[in-house]
Amino acid sequence: MIIDAHCHIWDKSIISGGFKKLIDDGAKQMGLSDPSTLYDGSIERLIREMEEAGIDKTVLLALDGHIAFTANLTYKDYNDYVANIVNEYPDKFIGFAGIDPRRGKEAIQELKRCIEELGLKGLKLWPLTGFYPDDLNFYSFYKRVQELEIPVLMHTGSGPPGTYIKYCQPIYVDKVAIDFPDMKIIMAHMGDPFTNQAISIASKNFNVYLDISAWEPVLKRVPAAFIQTLFQAKSACGIDKILFGSDWPLFVSFLSLKDWVKGIRKLKIPPPLKLMGLTDFTEEDKDKILGINAAKVLGL
Ligand SMILES: [Zn+2]
């Protein structure tokens, strides 16, 4: 089974105001002349591209960026939006709530609503909007997350212009992971460019995982750099810690979902890296990255 553990979904009502600016600036940052391919995050397009890629299930992430950015929909609307899609296609999608823990008591109420009423199965945190994940003020929120036994996907690493990189260093996940040992945490993007931090934190904490979303441009442009980082993650953390993800639709102009899956399937250590001691990923390794590991984290 192939599972994409990191995917977005949106339409014009979501891509408005500050969210639209994020996408436009992100497109500029990536050197895309036309940002409009990024606006189409529709379910119809996603299902089509998942089928082309042979992806069986996808995690859809609601985003609460509303404290930092304006939008036509509220963060609660976004959670409803994701839940409605999951309800329509329960075999294909798993929904994660987007809740900013700075909302205090309201965050805890919304978490309860999302998990118990809407049927969402995890939580997405977006520290790039301006908070450190290990802020002690969030501990009562994390306590509820841990009690609900849901995984948390945290953005780590760089982001689009207008977002704060300092809060997204993987080092700020470490204390949370230690203080909430039963809360599974997926560090998005392997913390790129702070991969050494991310890998060391995932290797030290049994409850911390890494997703490879947003690495499509690296595989496309400098495959050896991607392979070397992935190998480093495998060596330090074990293959079971690495989850496939795409960050769809943000990187499709570099690699389609189909080519991203194919890229993992065909991973091969280039001869110069073999000379450095890297050994090939086995078929079992690839199966684990592409779905087995995510199935375990998601409790499927
Ligand atoms: Zn993302």
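## Nonpolar core

A nonpolar core is a set of buried Ala, Val, Leu, Ile, Met, Phe, Trp, Tyr and Cys residues joined through C-beta atoms within 7 Å. This is a predicted model. Its largest nonpolar core holds 95 residues. Ile185, Met187 and Leu210 have the most contacts inside that core.

Leaving aside neighbours within four places in sequence, Leu210 is in contact with Met187, Met190, Ala198, Ala202, Ala233, Cys237, Lys241, Ile242 and Leu243. One of these, Met190, belongs to the loop between β6 and α8. Two others, Ala233 and Cys237, also take part in the contact of α8 with α10, on the α10 side.

## The loop between β6 and α8

Strand β6 covers 185–187 and α8 covers 195–204. Met190 is not a glycine, yet its phi is positive, at about 50°.

The cut-off for a buried residue is 20 or more.

Further along the loop comes Pro193. The peptide bond joining Asp192 and Pro193 is cis, with omega about 10°.

## Helices α8 and α10

Helix α10 spans residues 223–237. The axes of α8 and α10 come within 9 Å and cross at roughly 25°. The two helices are therefore roughly parallel to each other. Angles under 35 degrees count as roughly parallel. The crossing of α8 past α10 is right-handed.

From α8, the contact uses Thr195, Ile199, Ser200, Ala202 and Ser203. From α10, it uses Thr229, Gln232, Ala233, Ala236 and Cys237. By class, the residues of this contact are 5 nonpolar, 5 polar and no charged.

## Helices α5 and α6

Helix α6 runs over residues 139–148. The axes of α5 and α6 come within 9 Å, and the crossing angle is roughly 15°. These helices are therefore roughly parallel to each other. α5 passes α6 in a right-handed crossing.

On the α5 side, the contact is made by Ala107, Ile108, Leu111 and Ile115. On the α6 side, Ser140, Phe141, Arg144, Val145 and Leu148 take part. The contact of α5 with α6 has 7 nonpolar, 1 polar and 1 charged residues.

## Pro101

Where does Pro101 lie? The loop between β3 (93–98) and α5 (105–117) holds this residue. Pro101 is buried, because 22 other C-beta atoms lie within 10 Å.

Pro101 and Leu125 are 24 residues apart in sequence, and their C-alpha atoms are 8.0 Å apart in space. Leaving aside neighbours within four places in sequence, Pro101 is in contact with Ala107, Leu125, Phe131, Phe138 and Phe141. Among them, Ala107 and Phe141 also belong to the contact of α5 with α6.

## The loop between β8 and α11

Strand β8 covers 242–243, and α11 covers 257–265. Pro249 is in the loop between them. The peptide bond from Trp248 to Pro249 is cis, with omega near 0°.

Ser253 is found in the loop between β8 and α11 as well. Ser253 counts as partly exposed, because it has 18 C-beta neighbours inside 10 Å. Which residues does Ser253 touch, not counting residues up to four places away in sequence? Leu32 and Thr37 are its partners. Ser253 and Leu38 are 215 residues apart along the chain, with their C-alpha atoms separated by 9.0 Å.

## Helices α11 and α13

Helix α13 covers residues 283–298. α11 and α13 pack at an angle of about 150°, with their axes 9 Å apart. That angle makes α11 roughly antiparallel to α13. The class holds for angles over 145 degrees.

Val261, Ile264 and Arg265 in α11 meet Lys286, Ile289 and Leu290 in α13. The residues of this contact divide into 4 nonpolar, no polar and 2 charged.

Conventions:
Residues are numbered from 1 along each chain as its sequence is written. This is a predicted model: local features need pLDDT of at least 70, side-chain atom pairs count only at pLDDT 80 or more; totals for chains, interfaces and linings use all residues. Helices (H or I, at least four residues) and strands (E, at least two) are DSSP runs, numbered from the N terminus. Axes are lines fitted to C-alpha atoms, for helices over the stretch in contact, and angles run from 0 to 180 degrees between N-to-C directions. Angles under 35 degrees count as roughly parallel, over 145 as roughly antiparallel, 65 to 115 as roughly perpendicular and the rest as oblique. A crossing is left-handed if the near helix is turned anticlockwise from the far one by less than a right angle, and right-handed if clockwise. Two residues are in contact if their C-beta atoms, placed from the backbone, lie within 7 Å. Ala, Val, Leu, Ile, Met, Phe, Trp, Tyr, Cys and Pro count as nonpolar, Asp, Glu, Lys and Arg as charged, and the others, Gly among them, as polar. A residue is buried if 20 or more other C-beta atoms lie within 10 Å of its own, exposed if 12 or fewer, and partly exposed in between; C-beta atoms are placed from the backbone.
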